[in-house]
Structure formats: C-alpha cells, structure tokens
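Hi,

Here is the structure I promised to pass on. Have a look at it first, and then read on for what turned up.

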Amino acid sequence: MSWGLIIELARALMLARLKQTFIAGVGVTFSITMFVALLGFMNGLNTMLDGLVINRTPHIRFYNQIKPNPNQPIDQMTDFENSLNIIRSVKPSTSRLSIYNSKEIIRTLESDPRVLGVSSKVSTQVFFNVGTIDLTGVINGIDVDKEAALFSFTDYVTQGNYEELNQINSIILGKGLADRMLAGIGDVIQVTTAQGNRVQLKVVGYYQSGLGDFDNANSYASISTVQKILGEPTSYVTDIQVKLKELSQAPPMAREMRETFGIDADDIQTINAQFETGTNVRTLISYAVGITLLVVSGFGIYNILNMMIYEKLDTIAILKAIGFNSQDVNRIFITIALTIGVIGGAVGLLLGFLAGLGIDQIPFETEALPTIKTFPVDYNPKYYLIGGVFSLVTTYLAGFFPARKASGVDPVDIIRGK
Amino acid sequence: MKEQDSPVLIAQDIDKYFYNPVKTQVLKKVGFKIAKGEFVSIVGKSGCGKSTLLYILSTMDTDYDGKIFMDNELITGKSHNYLAHLRNEKIGFVFQFHYLLNEFSVLENVMIPGLKLGNYSREELEHRAMEKLRIFEMEEHALKKANQLSGGQKQRVAIARALINDPLLIMGDEPTGNLDKKNSDIVFHMFRELAQEYKQTMLVVTHDPEFAAGTDRIIEMEDGRVIRQ
C-alpha cells in the first residue's frame, strides 16, 4: 500500500477541517514552546546558581586539618587490645597547617592525566585595622593567573583590575568588607596577622561573590604577598586546589589521593551535596510542568480526531467499501495525528528558541550576582530533542485510540444507516 | 469448464440472522449464480433482505452461514484484509447516496480505488479516469469538487469510479433510489449501455420495477427467500 495515497487522504481530511486541525496544532505548539522555554530558563538559572559555588570551588581540595591523632598510644598496647579504652580530653597533636612536600605533590598532580589544573593557596586569619577597631577577616593568597584560569576568579572582581594583584602588597577586598572599612580603590589599609606582624596593603579592587557572609570577611592577595606577611618560605602552602577534566571523577580520586599523600582531601560532591539536590528537584519540577502541558495538548488532539472521525464516518465507510483495509484507515488517522505533532512541534521548538532569546534579554540585575545582567537561559539541544520526541510520542498516543476506532468502523452499518 | 462459461458469483445456502433486538432470520437458504456478462437485478419489498444479501455478496458483511464463490474462488472465511483487496480489485460499488469523497475533486474520486490498487502509474490512472468520465459525459466536471455536483452527476461519477479497476462485477444498491425521474433514466441507460457495449457483469438491488424490467434477469425475494429467478 503506497504511503503517498495515505498521506494524500490524510491531507485532504485535515484541509477539510482546517480550523480544528490548526487549533490542535496550536495546542502542541504552545506546549512545546512552554516546555523548551521553561526548561531552558530553569536550567539557565540552575547552571548559574550552581556556577556560583561550583565554578569557583576546586573539584578536590588538599589541606591539613588540625585534629587529634586517631592512633593514641593506648590503642597500640597489646595488653589492652580487648578492652574498651576511653581517653578524655584528647588534644590535637602539634601539627601545622602547611602541607608537607607541597612542591612534589603539585608536580605529581600536574602530571596526572585526569587533572585539568592545579593551583596552590595560602589562607590566613588576619585583623583589618580600621582606626581603633579591628575587623577579623581572611586573606587568601592565590596564584592569580591560575585562579583566574581555573576558578573564574575574574568574574567576581567587580571593580579594579585583577592583574594588579600580581604586584606585591596589593589586595582585593570583599565588597562587604571594603564597605565596612570605607576603603576605596587605591587606598592603603593596615593588616595585623595572628603572629602580630603589621603590613600595609594597597586596595586594587573589589571582590563580590554573591554570598554576603563570604564577602564580609574574605579578601585576596597574591600567594607571595601572604607568604611574606606570614614570614614563611615559598614552599609554605595551606591548600592545594585541583580542577579535574571530569567532575564526576572527584570522589574516587579524592579517596585515592588521600591515601597516597596522607593528607586530607575533600571532593566537591561531598561538600556541595545540597546543591545537587536542589538542582535535581528544580529540573524535576520543570520536566513535570512541561510534560503536563504536552499531555493536555495530547487530549486536545484526541478530542479533535474523535470529532473528525464522527464527521467523516461516511468517508471511512466508502474508503472501506472500495477496498481500503482497517490498517490503511488506521494509518490515515495516525498520519493526521503525527502531522499535527510534527508541524506543531517544529513550530513550537522554533518559538521556544525565540522565547529563550526573549527571556535572555530581560534585565536581571541583583547585588548578589554581579556577573549576571539578564536572565540566564540554557540553549542545550537536549531540551529541544526531548521536546521534539515528546511531541511525537504524545500526538501518536493521542491519535492511537481514535485511529483504532476509525479502523474498526463497519461500513455496512454506515451505508445501511442512511 | 471454460473461462467464459464460469459463473462470476455463486451464492450457496446463505443464512443470515439479526440478533438485535431478538434473533430473527433475514436470509433463508438463498442461492443463485451470476454468469459473466449478465445484468441481474434483485427486487423485493422493503425488509425482504435484498440489501442484506448484497452486503454479504459484496464481502463487507462476513457474518453469515453458507458459501460464496467469486471467480471460482471460495471467499467465505477469508481474512478482512484479503477481502478488502478483493473488493478493490474485483468489485465496483454504486450506492444509493452517491458516497463520493467531498474532500476530493471528481477526477481524484474516480482515481482513488485505482491508486489504492496500484496497478497503474498516477499519469496512466488520470488518463483512464478521464476516459471513464467521458463515457458518462462528465469530463468537463473533472476538476470540480464532488460536492459541487448535482445528485444525478454524482451518481454518474460514482459509476465511473466503480469502473476504474475494470472490475469483475459491479454491485449497485438502489443506484436510482435517490434520483428524480429524469436522472434515474439517465443512470439506467448508463447501466444498460455498460451491459450491452462493455459486457459488464452487474448485480443491482432495486425496488424500481421499470429498472428491473430492463435487466437481463430478475431475482425476486420475499421474506428472506428467493421466490423467483
């Protein structure tokens, strides 16, 4: 049986009820548009919110944690092997924050094929002296260029030039901290370290992460500046930050490195588990809404096809009388449903894309998100693919039952009934 | 048995029951043969079962007892798809209410059974369809939509459509039943012409005595039985 004839018949039936067919198509178009626009917008927001944390968080962070030694001497005595040993008031053993043999660890990491880049860091608690008041804060000594390349550092420097940080004794202050200190760009501020050293630093920029608490206490300087403030050699490193090629490899690799280097290693998934949960739930909700829209439009198609079949019973009967079998009739109505799905869906995808472009133009400026000027939209082809496939599936299902009914029409009943 | 002698259609002991609202027998042991080239009419009062018989013979109604042979082939008990193909290839229909597809032009209406059969290309079919329309002097209406025609014109197109696949047998269900005197005469003369000039085998159910009188043979039915043939 030639499909050409079936398509011709389907086309004629659709043209005969052009308005209804059009409305059914509009239903699909609307739902696909909403589906694509909604998912794009939702995921744009998701990506942005995750980016707030994930872009600038190392995938694996190595550090020395100050903690009590888990191997207390009593545990090693064979005499008390089978007893319950309780030691009260255990204190951390003398340990240092800096990582032993940091240069060698960095070299090993850099040669690992899974690693995209490594950046070392020195963090230290300081007091910012403002007149007679001391504000507590943190100075992060960073490798400026690597931090910019790996952890989007530049995105969050809202004023000033981050490259000036490479000069010794310069500092970029968190926006909240700068506001409290009334420190403008170019001003010189005074910092006291925990060891009592006093240093003068020049403010070269502001840093705004979007997380208020963080911006109220944190500031950035080059790693050599911080090492100098602390009076430590260039091998003094408190954190080694690693960015991997594959985010998903972080947990197993953190476990592996923890063993190899004998230091603490945190992976991004463990630290930011709640972000992933939030992202998943938001994605789930947008899929649910999108699919609901499609199902509703599916019912629209179902209704219209059902009506068409009642109106065209004569046509179906005559087609059967002149030799069309049930399958042919079934195919005609499935073709109608799928045509509505394909055309409605394609227009919907296009409009969805345009809606995305539209949303992308809406201004969205907030103090908390310095890098965002308009609503973020994700144009991932995945959503267009899902939308397209789904429009076909729903229209097929919507056409399935009416088509089966049409194919079951007994021509004798119709012709006799006249 | 030589080809030209073999009957086109044989009905053997056809019984048919209706179950709604109560079981009633509408056809009782109906049997007859139709030879090639015969123009046969079935007459009888309303409700005597003549239309029911026609639908059974047309293969559209498969719920009956007895046997039907078409072209020496037993068609009782064949699958619906096979029967649909058989109708397409071997049977042409003319109904009381024209039953053209209003969505299509006259020419397309005539072509559709041919397109379905697929023995000829579209161009050839178009040519053949125009020829058939010419027989019935409908060629100038070929590009009109079916619903722009008068009742008599529609019926002429329906006959042209019935002929498109050169069927073994044409069946008519009261083909003049819905037409006025003038149109019904035109349609009758067309049937006559088909019988005489083209030796077309035809089986027509009618309650128009004038129509029946013009056929080669009359099968008369009463209460589900053939009383005279």
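A word on burial before anything else: a residue is called buried if 20 or more other C-beta atoms lie within 10 Å of its own, exposed if 12 or fewer, and partly exposed in between, with C-beta atoms placed from the backbone. Helices (H or I, at least four residues) and strands (E, at least two) are DSSP runs, numbered from the N terminus. This is a predicted model, in which local features need pLDDT of at least 70 and side-chain atom pairs count only at pLDDT 80 or more, while totals for chains, interfaces and linings use all residues. Residues are numbered from 1 along each chain as its sequence is written, and chains are lettered from A and ligands numbered from 1 in the order in which they are written.

Let's start with H3(B). Of its 12 residues, 11 are buried, so this helix is mostly covered. Among the buried ones are Val106(B), Asn109(B), Val110(B), Pro113(B) and Lys116(B). What do the buried residues of H3(B) pack against? They pack against helix H1 (3-16) of chain A, together with H2, helix H4 (122-135) and H5 of chain B.

The crossing of H3(B) and H5(B) is right-handed, meaning that the near helix is turned clockwise from the far one by less than a right angle. On the H3(B) side the contact uses Val106(B), Asn109(B), Val110(B) and Pro113(B), and on the H5(B) side Val157(B), Ala160(B) and Arg161(B). Contact means that the C-beta atoms of two residues, placed from the backbone, lie within 7 Å. These residues divide into 5 nonpolar, 1 polar and 1 charged, where Ala, Val, Leu, Ile, Met, Phe, Trp, Tyr, Cys and Pro count as nonpolar, Asp, Glu, Lys and Arg as charged, and the others, Gly among them, as polar.

Now the two chains together. Chain B gives 22 residues to the contact and chain A gives 21. On the chain B side, the elements with two or more residues are helix H1 (50-57), helix H2 (80-90) and helix H3 (106-117). H2(B) supplies the largest share of that side, 6 residues. By class, the chain B side has 12 nonpolar, 6 polar and 4 charged residues.

Over in chain A, H10 (residues 273-311) and H13 (residues 381-407) have axes that come within 9 Å and cross at roughly 25°. That makes H10(A) roughly parallel to H13(A), and their crossing is right-handed. Residues in this contact include Leu294(A), Tyr302(A) and Leu305(A) of H10(A) and Phe390(A), Gly399(A) and Phe401(A) of H13(A). The contact of H10(A) with H13(A) has 13 nonpolar, 7 polar and 1 charged residues.

Which residues have the most contacts inside the largest nonpolar core? They are Leu305(A), Phe333(A), Ile336(A), Leu57(B), Val110(B) and Met202(B), in a core of 113 residues. Such a core is a set of buried Ala, Val, Leu, Ile, Met, Phe, Trp, Tyr and Cys residues joined through C-beta atoms within 7 Å. Leaving out residues up to four places away in sequence, Ile336(A) touches Ala10(A), Leu13(A), Met14(A), Leu305(A) and Gly399(A).

- Ile91(B), in strand S6 (residues 91-94) of chain B, is buried, with 26 other C-beta atoms within 10 Å. Ile91(B) and Leu168(B) are 77 residues apart in sequence, but their C-alpha atoms are 6.1 Å apart in space.
- Ser89(A) has a positive phi, near 55°, though not a glycine. Ser89(A) is exposed, with 5 other C-beta atoms within 10 Å.
- Asp71(B) also has a positive phi, about 55°, and sits in the loop between strand S4 (65-70) and strand S5 (73-74) of chain B.

Note on methods: Axes fitted to C-alpha atoms, helices over the stretch in contact; angles between N-to-C directions. Parallel < 35°, antiparallel > 145°, perpendicular 65-115°, else oblique.
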